[in-house]
Amino acid sequence: MTESTAPQSEHRTVLLRGGEVHSPADPFATAMVVERGHVAWVGSEGAADAFAAGVEEVVDLQGALVTPAFTDAHVHSTATGLALTGLDLSGAGSLPDALALVRAHSAAHPGDRILLGHGWDAARWPERRHPSRNELDEAAGGRPLYLTRIDVHSAVVTTALLDLVPGVTGLTGYRQDAPLTADAHHAVRAAAHAAVTPRQRAEAQRATRRRAASLGIGSLHECGGPEISDEEDFTALLELAEREPGPRIHGYWAEHITDEKGARRVRELGALGAAGDLFVDGSLGSHTAQLLDPYADAAHTGTAQLDAAAIAAHVTACTEAGLQAGFHAIGDAAIAAVADGVRAAAEQLGPARVRAARHRVEHAEMLTPETVAAFAELGLTASVQPAFDAAWGGDEGMYAQRLGVERARTLNPYAGLLRAGVPLALGSDSPVTPLDPWGTVRAAAFHRTPAHRISVRAAFTAHTRGGWRAVGRDDAGTLVPGAPADYALWRTEELVVQAPDDRVARWSTDPRSGTPGLPDLTPGRPLPECLRTVVGGRTVYVGPKE
């Protein structure tokens with residue numbers, strides 16, 4: 001590459017040439033001009049000569065691929081940064097490995113008032129059990145320790161942390177020597193997060209934005225809320241993103257509202273909507289997702305946190321105030337409650353008003369044909385995380401353990417959603433699964449249940465333009481004249497067109513089809529390497545090999 005090698009704060013007029021530009025404006029484009037933070041032109045190498053003399057910078061792409069920057073539609077920025085910079089148990093292969101990591105972290109951080117960690121998953125360990133309180137007390141040296149499960153819906157803690165939360169043993173979700181859920185979990189989480197200083201929080205948020213930029217991510221949908229973080233954390237992140245270069249932050253605040261006063265409060269926080277992780281239920285891994293029929297490995301149906309009437313009231317208040325509403329719903333009973341609640345709001349306000357608001361459902365894993373049809377009818381966006389299927393799907397995975405194989409095979413039906421006309425926005429729910437956009441596209445295209453697979457192109461669109469549409473923007477997430485200049489440069493192998501149906505794939509790779517190619521994401525092949533990320537025309541990441 002030539003010219004600029006450092007992140008920029010000013011707008012420059014730039015000609016990129018000599019590569020592959022992924023654009024619906026010209027499927028054979030090799031060049032692009034960026035001016036005043038927007039795409040000004042996309043076209044062929046020959047036509048690029050006319051622009052060369054009038055630009056401030058010429059980037060020789062040397063065959064690199066240029067794509068729209070990714071949008072991760074579901075992130076917890078501070079928690080992600082704390083996992084990136086602190087105790088991350090997601091790589092622990094066994095219970096002894098996890099305890100060894102706790103011991104090492106405790107020894108390395110003698111000054112921390114409360115030790116924080118994330119990512120344990122007993123379903124992957126040969127022991128198939130969580131760390132006991134006695135084991136954690138020993139590993140942490142008797143210090144306060146808070147360790148969230150990979151899904152963040154339960155946690156294990158030490159005795160010293162429980163001692164800092166008076167009355168916790170009387171709260172819902174407390175069981176002796178079992179992972180904490182519900183109110184007990186929320187109470188210890190509040191105590192743990194209170195120990196994070198403003199400096200630690202800011203460094204964690206910067207770490208998340210740096211990692212995202214290094215992966216070609218130009219926008220993050222921050223999912224905050226009173227049961228997840230706190231207002232100071234949420235507003236500090238939005239302020240940091242305004243001050244410092246990096247990926248854009250679109251904030252959602254998951255607070256239930258019923259009137260204009262509540263809507264005004266959400267707006268004052270800087271949120272786009274009262275959405276994100278407004279919990280209708282919990283998670284499958286923690287046995288708290290709300291099911292119509294009992295779990296295969298537990299004699300209950302999970303936990304309901306909002307019913308259809310509360311959902312209807314929230315959607316009505318948000319729609320009337322011009323805000324997006326949204327919900328966290330994973331189990332089939334929870335998703336049915338969302339569909340019933342949104343339909344009730346549509347009957348009161350009129351379906352056109354509700355559809356126009358583009359309300360969202362996060363995760364939406366355990367769908368049925370009826371709820372898929374309801375999403376399409378009501379204009380709901382499904383904000384989904386394909387890496388969940390990669391991590392926990394398949395006949396031997398955690399989903400099958402919780403639900404049985406037959407029910408597990410119905411989860412995350414991306415092909416069915418697209419066939420029904422339901423908009424998709426892809427994300428990671430980081431730190432639940434890592435920021436990994438090409439891995440996310442691969443997981444959707446190579447779903448563990450073949451019937452649910454979608455083409456690489458459809459998954460890529462859902463992870464770029466789909467994220468922008470989910471925040472109400474139809475003019476972004478694609479490289480066409482007038483669009484924001486949010487893009488990434490990639491070193492990759494030959495471009496292809498991949499679809500679940502081989503007949504489509506073979507036809508589409510014919511140059512006569514005019515279908516822009518994308519990297520080959522067949523499992524086992526190397527993923528593209530990010531060389532540069534640009535947001536609004538400003539370079540926010542330059543790779544070491546550019």
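Q: Which helices each supply at least two residues of the lining of the largest cavity?
A: Helix H14 (386-392) and helix H15 (398-403) each do so, a helix being a DSSP run of H or I with at least four residues, numbered from the N terminus. The model is predicted, so that local features need pLDDT of at least 70 and side-chain atom pairs count only at pLDDT 80 or more, while totals for chains, interfaces and linings use all residues. Residues are numbered from 1 along each chain as its sequence is written, and side-chain values use heavy atoms, leaving out hydrogens and water.

Q: What is the volume of the largest cavity?
A: The largest cavity has a volume of about 110 Å³, the space filled by probe spheres set on grid points joined across faces, edges and corners. A cavity is a set of points, on a 1 Å grid over the protein atoms alone, where a 1.4 Å probe fits but cannot get out, and its lining residues have an atom within 4 Å of a point. Of the 16 residues that line the largest cavity, Asp151, Ser283, Ile330, Phe388 and Trp392 lie nearest its centre.

Q: Why is H10 called oblique to H11?
A: Axes are lines fitted to C-alpha atoms over the stretch in contact, and angles run from 0 to 180 degrees between N-to-C directions. Helix H10 (residues 308-321) and helix H11 (residues 332-349) pack at about 45°, with axes 7 Å apart. Because angles under 35 degrees count as roughly parallel, over 145 as roughly antiparallel and 65 to 115 as roughly perpendicular, with the rest oblique, H10 is oblique to H11.

How values were computed:
1 Å grid on protein atoms, 1.4 Å probe; cavity = no way out; pocket = protein on both sides within 12 Å on 5 of 7 lines; lining within 4 Å.
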